[in-house]
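Subject: A structure for you to look at

Hello,

Here is the structure I promised to pass on.

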Amino acid sequence: MKAVALGALIGMAVVFAVAFAFERSVPWLAYVRAAAEGGMVGALADWFAVTALFRHPFGIPIPHTAIIPRRKDEIGQTLGDFVETEFLRGDVVRRRLEATPIAARLGEWLTEPEHAERVVVEGSAVAAGVLRALSDDDVQGIIEQLAREHLIAPEWGPPLGEWLSRILASGAHHEAVDLGVDTIAAWLNANRAAFAGLVSRRLPAWVPSIAARLVDETVYTEAVRFVAAVQADPRHPARLALDGYLERLATNLQHDPSTIGRFEDAKESVFDSPRVRELAAEAWNTAKSGLLSALEDPGSALRARAADAVSDLGVRLTTDAAAQHRVDTWVVDAAVFLVERYRHDIASLITDTVERWDPDETTEKIELMVGRDLQYIRLNGTIVGALAGLAVFSIAHALLG
């Protein structure tokens, strides 16, 4: 198109030269000369106008030329301000989003199995990437810090004593005692041989073996009889003694500084032990490895359940009007909040990006983007100039002739 526009200018110059040379012998060529003269003027004027937008004509720094590269930053600032004030407004965003059934469309999209699977695949990839990016030492440090802040630092004694008092007051601990006694009774019945030599091996060597066996048998029988008595009697002294001990423990945990202090010291020593830290590290590594395997395995139960959950969410968003309203309201409010809070930062992306552009490169990009229309301006200027020159010459000739 540059060649076409230049060709039109050269054509007008040739026509002008021919008409100017022969117009005395051929009078009507004066009209042709006037049209060609006007066409040349129009072509040169529009060439200058188009060129002045992007660069200095012939490299001469004529005032008010090379407008785009010279005012590039101002153009970017104006464009950013325009986007911020006209597009990134809360009322504009709210009106547009409220007219769109976001939740319903999302639900319809999620109900398609391939779409639900795609969400799970992408989500699994993101989650796996996050897990791999996490430093094991940092995670363990955070876990330890949170455990110390929320588990170790607060006193356990008084709350635990209060909790134990409530259990004792309700009698809920009796079932636990029954379970323990029943377990001991079952073990005694199944492990009679464990009592062989339990006491007799500690007797003097001169005690007859039959007496030794009788002692072991007596110990076993008494143990079975004692446990059976505890099972049968809810008011057995052993039960009452245990209740009394638990009541004292509950009271001391709440009010006795010595008991509370020993309990807290024991708690801290347990948590500070290297073995507990090793177990915590092993638990995190095991959980991380299991999650990564499940996330990367297309046939894992985790991904299958996630796909089902996504599909169920899509069905609910499609059919549940209340859920649709909640989601739409949340999305609209969140979008308006983000736009109102960060619209200047968003618009500044345009301004900052334009400021970083090279002036010559910016000029070339804009010129190429507008493209052929710029050369049509030159071509139209040639045609309009020719018509204007012909009209002016004709009117002047008519008036003066």
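Below is what was found in it, starting with the whole chain and ending with single residues.

First, some ground rules. This is a predicted model, in which local features need pLDDT of at least 70 and side-chain atom pairs count only at pLDDT 80 or more, while totals for chains, interfaces and linings use all residues. Residues are numbered from 1 along each chain as its sequence is written, and side-chain values use heavy atoms, with hydrogens and water left out.

**The whole chain**

The protein chain has 18 helices and 0 strands. Both are DSSP runs numbered from the N terminus: helices are H or I with at least four residues, and strands are E with at least two. The C-alpha atoms fill a box of roughly 160 × 45 × 45 Å along the principal axes. The radius of gyration of the protein chain is 47 Å, whereas a compact globule of 401 residues would have one near 21 Å. That radius is taken over C-alpha atoms, and the globule rule is 2.2 Å times the number of residues to the power 0.38.

Of the 401 residues, 27% count as buried. Here, buried means under 20% relative accessible area, exposed means over 50%, and partly exposed lies in between (1.4 Å probe, protein chains only). The protein chain exposes about 26,100 Å², and carbon and sulfur atoms supply 65% of that area. These areas come from the Shrake-Rupley method with a 1.4 Å probe; for residues, only the protein chains shown count as cover.

Contact means heavy atoms within 4.5 Å. Among contacts between residues at least 6 apart in sequence, 69% join residues at least 24 apart.

**Aromatic pairs**

The structure holds 4 aromatic pairs. Rings of Phe, Tyr and Trp (its six-membered ring) pair if their centres lie within 6.5 Å; planes under 30 degrees apart count as stacked, over 60 as edge-to-face and the rest as tilted. One of the pairs is Trp47 with Phe58: the ring centres are 5.0 Å apart and the planes are at 50°, so this pair is tilted. Trp47 sits in helix H2 (residues 29-54), and Phe58 is in the loop between H2 and helix H3 (67-70), 11 residues apart. Trp47 is partly exposed at 21% relative accessible area, while Phe58 is exposed at 71%.

Another pair is Phe82 with Phe87, which is edge-to-face because the planes are at 75°, with the centres 5.7 Å apart. Phe82 is partly exposed at 42%, and Phe87 is partly exposed at 49%.

**A buried alanine**

Which residues does Ala35 touch, leaving aside those up to four places away in sequence? They are Met12, Gly385, Ala386, Gly389 and Leu390. Ala35 is found in helix H2 and counts as buried, with 16% relative accessibility. The C-alpha atoms of Ala35 and Met12 are separated by 8.4 Å, and the two residues are 23 apart along the chain.

**Two positive phi angles**

Most residues other than glycine have a negative phi. Phe58, however, has a positive phi near 60°. His64 also has a positive phi, of about 65°, although it is not a glycine. His64 lies in the loop between H2 and H3 and is exposed, with a relative accessible area of 66%.

Enjoy exploring!

Best wishes
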